[in-house]
Amino acid sequence: MLMAHPAVLRNLIEQYETLKVLQAENGGKEVRRRMDDLAYTLCVSTGTRDVDAALIAARHRLPGARPEDDSILSA
C-alpha cells in the first residue's frame with residue numbers, strides 16, 4: 001500500500017478538524033461536502049474505512065508519534 005507523506009496527513013487532519021468546528025457552529029452543504037471529501041481522502045490515505053479510524057491511523061504516522069506503541073490500534 002502506498003503511504004501518504006506525513007506533511008500531507010497533517011494537512012488533511014488540520015483541514016478536517018477545522019471544518020468539524022465550522023460544521024458544529026454553522027454547517028452548510030459546502031462544509032459537509034468538503035468534510036466528506038476529506039474523510040474519503042483520509043480513509044484512502046490510511047487504508048481504513050471510517051474517518052475516526054483514519055484520523056487515529058494518520059496521527060499515528062506523524063513524526064513524534066510513538067510507533068512502538070500501537071496499543072490504540074490493537075483489537
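Residues are numbered from 1 along each chain as its sequence is written, and side-chain values use heavy atoms, with hydrogens and water left out. Because the model is predicted, local features need pLDDT of at least 70 and side-chain atom pairs count only at pLDDT 80 or more, while totals for chains, interfaces and linings use all residues.

The protein chain has 3 helices and 0 strands. Helices (H or I, at least four residues) and strands (E, at least two) are DSSP runs, numbered from the N terminus. Along the sequence, the pattern reads α-α-α. The protein chain has 75 residues, of which 25% count as buried. Buried means under 20% relative accessible area, exposed over 50%, and partly exposed in between (1.4 Å probe, protein chains only). Among contacts between residues at least 6 apart in sequence, 43% join residues at least 24 apart.

The helix pairs were examined in turn. Axes are lines fitted to C-alpha atoms, for helices over the stretch in contact, and angles run from 0 to 180 degrees between N-to-C directions. Angles under 35 degrees count as roughly parallel, over 145 as roughly antiparallel, 65 to 115 as roughly perpendicular and the rest as oblique. A crossing is left-handed if the near helix is turned anticlockwise from the far one by less than a right angle, and right-handed if clockwise.

The axes of α1 and α2 come within 10 Å and cross at roughly 150°. The two helices are therefore roughly antiparallel to each other. α1 passes α2 in a left-handed crossing.

The axes of α2 and α3 come within 9 Å, with a crossing angle of roughly 55°. That makes α2 oblique to α3. This crossing, too, is left-handed. Here A39, L42, C43 and T46 in α2 meet V51, A54, L55, A57 and A58 in α3.

For α1 and α3, the axes come within 10 Å and cross at roughly 140°. These helices are therefore oblique to each other. Their crossing is left-handed. L9, I13, Y16 and E17 in α1 meet V51, L55, A58 and R59 in α3.

The largest nonpolar core has 16 residues. A nonpolar core is a set of buried Ala, Val, Leu, Ile, Met, Phe, Trp, Tyr and Cys residues joined through side-chain atoms within 4.5 Å. The residues with the most contacts inside this core are I13, Y16, L42, V51 and L55. Helices α1 (6-26), α2 (29-46) and α3 (51-60) each supply at least two of the core residues. α2 gives the most, with 6 residues.

The buried residues of α3 are V51, A54, L55, A57 and A58. What covers them includes α1 and α2. Leaving aside neighbours within four places in sequence, L55 is in contact with I13, Y16 and L42. V51 also lies in α3. V51 is buried, with a relative accessible area of 17%. Not counting residues up to four places away in sequence, V51 touches Y16, A39, L42 and C43. V51 and M35 are 16 residues apart in sequence and 9.9 Å apart in space, C-alpha to C-alpha.

Polar contacts were also examined. A polar contact is a pair of N or O atoms within 3.5 Å; within protein, one must be able to donate a hydrogen and the other to accept it, and residues adjacent in sequence count only if both atoms are side-chain atoms. D50 caps the N-terminal end of α3, with a side-chain oxygen 3.0 Å from the backbone nitrogen of D52.

The side chain of S45 reaches the backbone oxygen of T41 at 2.7 Å. Not counting residues up to four places away in sequence, S45 touches L2, A4, L9, L12 and R61. T46 is also in α2. At 4% relative accessibility, T46 counts as buried. A polar atom of the T46 side chain lies 2.7 Å from the backbone oxygen of L42.

Conventions:
Contact means heavy atoms within 4.5 Å.
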